[in-house]
Amino acid sequence: MVIVLLVKNDKTNAMRLLDAAKVEYETFEYDAEKYVSGKEVANALGEDPEQVFKTLVTYSEKNREHFVFCIPVENELDLKKAAKAVNVKDIEMIKQKELLPLTGYVHGGCSPIGMKKNFNTVIDESAILFDEIMVSAGRRGMQIKIKLEDLIRMTKAELKDVVKQ
């Protein structure tokens with residue numbers, strides 16, 4: 001396990017927001033060039049892949065709305081379940097080139113905390129199995145471990161079943 005202490009200038013937007021809200025979290029760094037997949041990242045950090053979540057951003061063309069989903073790294077988002085979870089007819093993943101201008105984060109470093117705008121956010125209900133989960137800290141090569149209740153509060157997220165079985 002690698003725990004990194006960061007100076008204030010090294011903090012991401014997500015970490016600054018957590019600090020401002022006085023939310024406790026742990027920061028973990030890994031080699032983003034060496035470990036690319038979520039499962040590789042979880043293994044490199046010695047964490048259960050079911051406890052490490054990736055952040056996905058979607059779009060509903062009909063509703064002209066974006067939605068954020070956090071799901072375990074080994075799972076795949078079920079677009080039908082996801083659409084139902086946010087009460088729209090259908091959604092699709094956004095294009096990778098749209099991620100940075102929309103959220104302020106890059107692919108592989110997208111945190112559900114501290115995006116440019118507050119989007120309707122859903123965390124897969126499997127997160128309830130853990131007191132803490134890991135999500136991106138807002139930079140490739142960096143993760144944070146945070147209490148689920150704090151993540152829900154910071155993102156105003158709901159817990160719903162949104163992964164393919």
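How exposed is lysine 164 in terms of relative accessibility? At 41%, lysine 164 counts as partly exposed, a class that lies between buried (under 20% relative accessible area) and exposed (over 50%), computed with a 1.4 Å probe on protein chains only.

The model is predicted: local features need pLDDT of at least 70 and side-chain atom pairs count only at pLDDT 80 or more, whereas totals for chains, interfaces and linings use all residues. Residues are numbered from 1 along each chain as its sequence is written, and side-chain values use heavy atoms, with hydrogens and water left out.

Helices (H or I, at least four residues) and strands (E, at least two) are DSSP runs numbered from the N terminus. Two strands are taken to pair if DSSP finds at least two bridges between them.

Strand 5 pairs with strand 3 (residues 65-72) in the parallel sense over 4 bridges; here threonine 121 is the bridge partner of valine 68. Strand 5 also runs parallel to strand 8 (residues 158-160), to which 3 bridges join it. In that pairing, valine 122 has glutamate 158 as its bridge partner.

**Nonpolar cores**

A nonpolar core is a set of buried Ala, Val, Leu, Ile, Met, Phe, Trp, Tyr and Cys residues joined through side-chain atoms within 4.5 Å. The largest one has 30 residues, and Val57, Ile123, Ile133 and Ile144 have the most contacts inside it. Elements that each supply at least two residues of this core include helix 1 (13-20), strand 2 (53-60), strand 6 (132-139) and helix 5 (148-155). Apart from it lies another core of 14 residues, among them Phe69, Leu77, Ala82 and Val122.

Contact means heavy atoms within 4.5 Å. Leaving aside residues up to four places away in sequence, isoleucine 123 touches residues including Phe53, Cys70, Ile133, Leu148 and Leu159.

**Salt bridges**

The structure holds 9 salt bridges, each defined by a side-chain nitrogen of Lys or Arg within 4 Å of a carboxyl oxygen of Asp or Glu. Lysine 164 meets glutamate 76 in one of them (3.1 Å, N to O). This pair links distant parts of the chain, 88 residues apart: lysine 164 is in the segment after strand 8, and glutamate 76 is in the loop between strand 3 and helix 3. Glutamate 76 is partly exposed at 49% relative accessibility.

Aspartate 19 and lysine 11 form another salt bridge (2.6 Å, N to O). Lysine 11 is buried at 19%, whereas aspartate 19 is partly exposed at 31%.
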